[in-house]
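Dear colleague,

I am passing on a structure that you have not worked with before.

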Amino acid sequence: MLHFRVRFIRGFGLFFIFCFIAEQVIAQFINISGFVEEASTKERITATVVSYNNNSVITNDAGYFSIKVKKNDSVLLLFSHAEYQLKNINLTLSSDTFITVTLTPRAKELAEIQIQSSRNSNALGTISLPIRKIEKIPALFGEKDIIRAIQLLPGVQSGSEGSTGYYVRGGGADQNLILLDGITIYNVSHLFGFLSLFPPEAVKSVDLIKGGFPARYGGRLSSVLDIKLKDGNKHNVTGNYSIGLLSSKVSVEGPIEKGKSSFMVTARRTYIDLLVKPFLVNKPNQGGYFFYDGIAKLNFKLNQKNNLSVSVYNGRDRFTTITKETQENGSAGIINKVTSETNLEWGNFTAAIKLNNTISGKLNINHIVHYTSFDYKINYKRTAIDPDGNSVSQKNFSFNYLSSIKDLGIKSNADWYVSNKLKITSGVGYTRHFFVPSSASLSGGQISQTTASSKIQTNESYLFSEADFSPTKKISINTGVHTTIYSVGSKNFFSVQPRIRNMIQLNSTSQLQFSFATMLQPIHLLTNNGPGLPIDLWVPATQKIPPQKSIQYTIGYSIKPGKAYEFSLEAYYKKMNGVIEYAEGASFLNSTLNWEERVEKGKGVSYGTEFFLQKKTGVLSGWIGYTLSWSKRRFTNLNEGNWFWYKYDHRHDLKVVALYQPTNKFDASFSFVLNSGNRVTVPDVIYTGVPGTVPLNYAGFLFDTDPQFIFNASSRNNETFKTYHRADISFNFNKEKKRGTRTWNISIYNFYSRLNTYFYYYKETQNRSLTLTAFTLFPIIPSFSYQFKWK
Amino acid sequence: MRITSFLVMIMFVIIGCSKTADVPISYKKIPVVNCIFSQDSIWKVYVSISGSADNPKGEAVPNASVRIFKNNQLIETLLYKNDGYYLAQTNTKPEVNTDYSLEVNIPGYKTVTAKDKIPPAAQTAFLNVDTTLSTYSYSPFDDPAEVFVATISFNDNEPIDKYYMITPYYYEKDELKIYKVTKATIDSLLKYRYIAPNNNDSLILSQIFDSLFYGKRAFEAKLKSIYFPRSFSSQITTFTAVGTFNTYYPDLFKYHKIYSSDIYFKQLQDYYSSVFGEKKSDITLTNYPLRLFLGYYPGGVPVNFNNVLTRIDAEIYLEISTLSNNGYKYFTTYTQNIANRTNPFTELKNVFSNIQNGAGIFAGANNIRVKIR
């Protein structure tokens with residue numbers, strides 16, 4: 001592998017020399033560069049294809065493009081984008097020129113699902129989900145959700161029922177790089193994982209990359225979910241508000257200085273706690289749950305070639321219970337009032353300052369300074385008051401638990417449009433990570449102690465360069481190298497990760513593609529194997545627990561048999577090294593001090609085939625996705641060192657999504673999911689232990705079982721949940737009002753009320769044995785919401 | 001009315017969603033063989049077929065062929081006694097550091113085999129026990145209580161790997177004076193404690209009417225060769241310093257080279273258990289303290305009579321066992337299996353087995369019993 005990498009890097013250097021020579025040869029051309037914007041909002045549009053003769057370039061993340069045309073020639077530029085009307089511009093130019101082009105949204109686009117590539121036409125393993133389509137997909141409790149829409153794509157497995165965890169091509173939940181405007185988000189869950197952080201109203205674009213990773217991405221093994229926020233409308237103040245069963249939200253955007261600067265603000269809060277509060281007045285037991293999140297973004301057009309944006313995200317979940325009781329204090333007969341309060345909360349905060357700078361007609365650079373944090377806290381406090389109102393100190397007790405991660409970093413990347421056949425993107429970045437993997441403190445009675453895993457600071461730097469190259473009309477290549485330098489304590493890890501993605505246009509309707517990517521992930525997630533509370537600890541790679549690595553090979557074929565239809569078939573094989581799991585018997589509860597000793601290191605393999613049939617246009621549109629896949633793990637100290645199936649190894653996974661829009665006043669959507677169940681370890685061998693040598697009344701975790709019997713599993717993940725299937729349906733009733741558009745949404749989640757297993761747990765039988773019980777969470781759930789978008 | 005309907009609907013949606021259903025499991029039927037052998041006892045092997053949730057004990061196997069080999073030479077063919085137990089026909093007992101193997105043939109199943117040896121005993125010549133009064137909260141939710149902390153240490157410098165299991169017991173002195181041993185107890189001893197029904201055995205008994213008696217002197221004299229009836233044993237569980245309980249940490253023991261001082265014992269009468277430790281051959285074990293939190297007063301144990309804590313004279317013993325590596329893995333994983341089997345946050349911990357073509361354990365143990373004064 002090392003020799004391969006050396007050859008690859010040498011070849012890459014030669015390639016750059018070739019590019020430089022090519023640049024000199026084509027001096028008789030001039031550059032037309034600039035930005036593509038939406039006509040009404042002046043929002044910059046990414047992934048617009050700009051064509052000239054048989055050449056084309058694609059606007060970058062900032063909406064920038066640069067294309068070479070013949071000097072003094074009559075030039076016809078075509079600007080095409082799936083969601084916007086085609087635009088032609090005729091120009092005759094004698095020198096490099098900078099222009100701004102505006103596009104108008106398609107009138108009927110709401111009726112269409114345009115699952116499209118973001119950069120190259122149908123790039124292997126890459127799917128872009130237009131945000132307007134996500135809003136149409138049926139959702140739990142009617143809450144539109146980006147992650148839940150992502151889960152409906154082939155190759156993406158959902159975790160537990162209703163949760164927003166997702167698993168791409170056999171990888172773990174921690175192996176997904178989730179970027180919000182370029183900033184890493186560590187936890188995407190609200191409401192114990194049932195909703196995700198991102199309100200679609202604030203989002204401009206969503207790209208999911210499952211394989212064939214461009215060199216600009218790094219740090220995770222299995223996928224990249226690149227979410228970009230809106231910049232805000234630079235011409236008019238617009239917005240919308242919606243009221244649903246769970247939450248209400250409001251989103252406003254508009255100009256600060258018309259045409260030059262803009263703002264965008266969204267805010268959302270649940271109100272279950274407020275609604276139930278009146279029913280809990282004077283009750284001994286109180287409780288509540290809420291989450292909120294808010295996004296704010298300011299965008300300033302400093303001049304024609306420089307743009308500055310500032311964005312902030314803040315979101316937090318809090319679950320609280322309060323119990324009040326009276327307790328007799330020993331034999332003295334004194335009655336104390338005891339109050340116990342438990343708080344469980346977690347939240348994300350991100351902030352970023354981004355400067356987009358166009359240096360010349362060919363070079364566009366982004367600089368980002370970013371900060372992100374995620375923390376998870378459990379606080380328990382018990383206070384006792386005697387009849388005289390005095391605190392009974394020996395009865396007081398408190399317990400605090402914290403796990404957190406904070407990142408502070410800076411990065412820059414540049415897009416260099418060398419020619420119409422070659423674009424080079426290079427970048428550099430540095431992030432300082434601050435970890436508190438786990439910290440617990442106890443005080444009360446005779447106890448006062450703190451146990452904490454040591455705070456760990458790590459440094460992660462990267463350097464990448466990639467080239468989009470089209471040597472012939474039928475071949476396009478994206479290739480590059482991502483290098484990572486990661487240091488923790490005195491230990492340094494250096495990694496060179498070559499990537500290549502090749503597309504061959506077989507004829508006018510079909511393509512063949514293949515890719516190869518190596519990835520490195522210097523961070524791990526310690527995930528409890530329980531019912532799914534977000535008790536996941538982010539821990540750094542260390543000398544004992546080195547970074548995860550992967551190699552993925554992908555091959556794909558796609559064909560467009562007609563204007564409306566597209567079919568693709570992709571096969572992948574992925575090897576992973578350095579994946580971790582808790583050791584048997586370990587969990588976050590007993591891993592505060594020595595988490596590195598409680599982890600097993602192993603490897604994984606996943607492979608499969610994804611079928612994806614889309615109908616892109618028409619009154620009825622949608623897609624069918626089917627994945628046949630295998631995913632397994634092997635750890636020296638687990639399952640006797642034998643391979644075992646991964647928890648989310650879903651052999652079959654079928655997804656159907658349909659959108660129907662006969663008129664602008666009404667649309668309906670339908671989704672259906674069917675997959676093999678999750679894997680679970682259950683004791684299927686029960687026998688008598690050596691009598692009398694193990695305590696008869698040994699305390700179990702939740703309850704005691706008869707210790708004379710041994711409960712063993714014949715292998716890890718030896719049972720499979722029941723087959724999961726569910727159908728959802730959603731109706732939108734739209735009406736144009738004087739000041740905007742009103743929408744009533746009616747959604748029915750799981751409309752035929754399939755009882756899918758959420759998790760399994762053990763129940764004690766009459767003979768103090770165990771029986772397995774399935775817990776199902778969501779039967780049919782109807783919901784409705786009201787939304788108003790004002791002009 | 002609208003608001004009320006709205007709230008009722010929300011509560012219905014949020015709370016009324018969950019349902020549960022029992023899931024049938026197809027339990028595997030495999031041979032189970034258990035045998036912990038020591039030089040104190042004659043050969044005794046338990047043979048059964050694994051059970052199910054409704055019948056966790058499984059089915060005893062009365063028609064198996066159970067044979068014991070010493071250095072690959074057949075020395076015993078055991079006879080079926082009852083309830084799945086096969087006993088030696090002779091009074092020969094296993095020897096230390098000798099290879100023994102087991103072969104069990106059950107009709108319809110593959111031949112079950114296993115092998116192991118009895119390890120050398122712990123060296124306890126310099127056993128030291130210091131007992132001091134202390135105050136401690138057994139868990140975050142318990143009131144602080146006065147306990148006696150016994151710090152126990154011993155030297156074991158034998159240059160071989162050793163695996164220890166230490167179990168405290170107590171015996172009330174009153175009961176020691178005239179201890180009534182019923183026929184059922186003797187049966188229990190026969191069944192569980194590897195004591196052969198032989199007048200020449202080390203257990204000295206006298207019989208009056210339907211009951212069997214022995215005196216304290218006889219009991220103490222023969223202390224090294226009998227086990228107590230379990231019903232009179234101490235009852236202790238472990239607690240860690242952070243308030244979690246009921247789990248053992250072999251890794252932690254290794255870190256401390258032998259015993260963790262973070263292992264605490266809860267009040268004797270509430271729980272009991274054993275602690276485990278291991279040392280590698282290159283480690284000389286010198287005065288690594290084992291801290292036991294003992295809910296006893298010197299020379300006695302507390303008994304709650306009508307909410308009044310009363311001391312009863314008792315004697316407390318430590319059984320210091322060395323186990324073979326197989327036995328050590330078995331007992332440590334067994335306790336973890338019990339502790340974690342209802343834990344929703346962890347995977348099930350499988351109990352180690354060295355039985356080929358089956359489950360269970362065939363392991364040697366060497367036991368020493370010492371009194372804490």
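This is a predicted model: local features need pLDDT of at least 70, side-chain atom pairs count only at pLDDT 80 or more; totals for chains, interfaces and linings use all residues.

Residues are numbered from 1 along each chain as its sequence is written, chains are lettered from A in the order in which they are written, and side-chain values use heavy atoms, with hydrogens and water left out.

In chain A, five strands form an open sheet of mixed pairing, in the order S8-S15-S16-S11-S12 (strands are DSSP runs of E, at least two residues, numbered from the N terminus; two strands pair if DSSP finds at least two bridges between them). Strands S11 (176–180) and S16 (223–229) of chain A pair in the parallel sense over five bridges, and Leu180(A) stands opposite Ile227(A) in S16(A).

The largest nonpolar core has 51 residues, and Leu225(A) is among those with the most contacts inside it (such a core is a set of buried Ala, Val, Leu, Ile, Met, Phe, Trp, Tyr and Cys residues joined through side-chain atoms within 4.5 Å; buried means under 20% relative accessible area, with a 1.4 Å probe and protein chains only). A second, separate core of 28 residues includes Phe435(A) and Trp538(A).

In chain B, Asp156(B) lies in the loop between strands S12 (145–153) and S13 (162–172), and Asp156(B) is buried, with a relative accessible area of 0%. The C-alpha atoms of Asp156(B) and Leu127(B), 29 residues apart along the chain, are separated by 9.7 Å.

Best regards

Conventions
Helices (H or I, at least four residues) and strands (E, at least two) are DSSP runs, numbered from the N terminus. Buried means under 20% relative accessible area, exposed over 50%, partly exposed in between (1.4 Å probe, protein chains only).
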